[in-house]
Amino acid sequence: MNGIISGIPTGITAFTATNLDDLVILTLLFSQVNANFCRRHIVIGQYIGFSTLVIASLAGFLGGLILPSHWMGFLGFAPIAIGLNRLLNQDKDTSSTTEPEQELTKSSPFAGLLSPQSFSVAAITIGNGSDNISIYMPLFANADLSNLLIIIAVFLALVGVWCYGTYKLTCQPAICNLISQYGNNIVPFVLIGLGVFIILDSASLPPIALAVSCLVLMGLVKLYGINTQIETSANIDW
């Protein structure tokens, strides 16, 4: 009983303190929902990403192998790549869903779980929360088994609360119109800025090396968009 009494407020406090910035990211993601990007992709991706962070923290708590914190900072390249792709390859992102993709979404109950969209959201969640591990590890280390389970249960429940709350926020007409009007233009820069902050904050790369890496990544993303456009055009010609 003492574990439950202390675990619930501890879990709520720790989750809120480490995930306030996710409210902004989730609000922007829910504002981008369309035929290719569904609400379930966001929810599933959020759970996959956050569960990965918890498991990584447990691995450290149990004495398993875990990447150094500055290596975790390289996950910041995930939101940078996604943001650059949305910024440089907008025609590709706004294209409608093909009929086979729509059939797959309807026919497979695991389509949302295995979709690239879900893993993209998971990558953003992991990249944005990579510093959470340094907070969760000592929190878990100071908890007994029952307290630990309660804290993790509170974490997983609050992920759903976070998703539901931000989704309802985007359903408000004034907020929805504002985000719909400017969201598509803001999201790429938010993702890029988020990735840059994660890398610099974790001291994974110095600023000059980060700038060079972003330029190289920009070229690769643009090349990917050109190749995809050429392949799409070739398929249309056939």
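The dialogue below walks through the features of one predicted model, from its helices to its surface.

Visitor: How many helices and strands does the protein have?

Guide: Helices (H or I, at least four residues) and strands (E, at least two) are DSSP runs, numbered from the N terminus. In this protein there are twelve helices and zero strands.

Visitor: Is Phe15 buried or exposed?

Guide: Buried means under 20% relative accessible area, exposed over 50%, and partly exposed in between (1.4 Å probe, protein chains only). Phe15 has 2% relative accessibility and therefore counts as buried; its place is in helix α1. Of the 238 residues of the protein, 37% count as buried, and in α10 the buried residues include Phe155, Leu158, Val159 and Trp162.

Visitor: Which residues is Phe15 in contact with, leaving aside its neighbours within four places in sequence?

Guide: Contact means heavy atoms within 4.5 Å. With those neighbours left aside, Phe15 is in contact with Phe50, Tyr136, Phe155, Leu158, Val159 and Trp162. Phe15 and Leu158 lie 143 residues apart along the chain, yet their C-alpha atoms are separated by 7.6 Å. Asp22 is also found in helix α1 (residues 2-30) and is buried, with a relative accessible area of 6%; not counting residues up to four places away in sequence, Asp22 touches Gln46, Asn128 and Trp162. Across the protein, residues 24 or more positions apart account for 85% of the contacts with a separation of 6 or more.

Visitor: How many disulfides does a search of the whole structure find?

Guide: A disulfide is a covalent bond between the sulfur atoms of two cysteines. The search takes a pair of cysteine sulfur atoms within 2.5 Å as a disulfide, and in the whole structure it finds zero. Cys38 counts as buried at 17% relative accessibility, and Cys163 counts as buried at 3%.

Visitor: Which residues form a nonpolar patch on the surface?

Guide: Patches are made of residues with over 30% relative accessible area and no salt bridge, where like charges are joined within 9 Å and nonpolar side chains (Val, Leu, Ile, Met, Phe, Trp, Tyr) within 5 Å; a salt bridge is a side-chain nitrogen of Lys or Arg within 4 Å of a carboxyl oxygen of Asp or Glu. Accessible areas come from the Shrake-Rupley method with a 1.4 Å probe, and for residues only the protein chains shown count as cover. Here Ile208, Val212, Val216 and Leu220 form the patch, with about 410 Å² of accessible area together. Leu220 has its place in helix α12 (residues 207-237) and counts as exposed at 52% relative accessibility.

Notes
Residues are numbered from 1 along each chain as its sequence is written. This is a predicted model: local features need pLDDT of at least 70, side-chain atom pairs count only at pLDDT 80 or more; totals for chains, interfaces and linings use all residues. Side-chain values use heavy atoms; hydrogens and water are left out.
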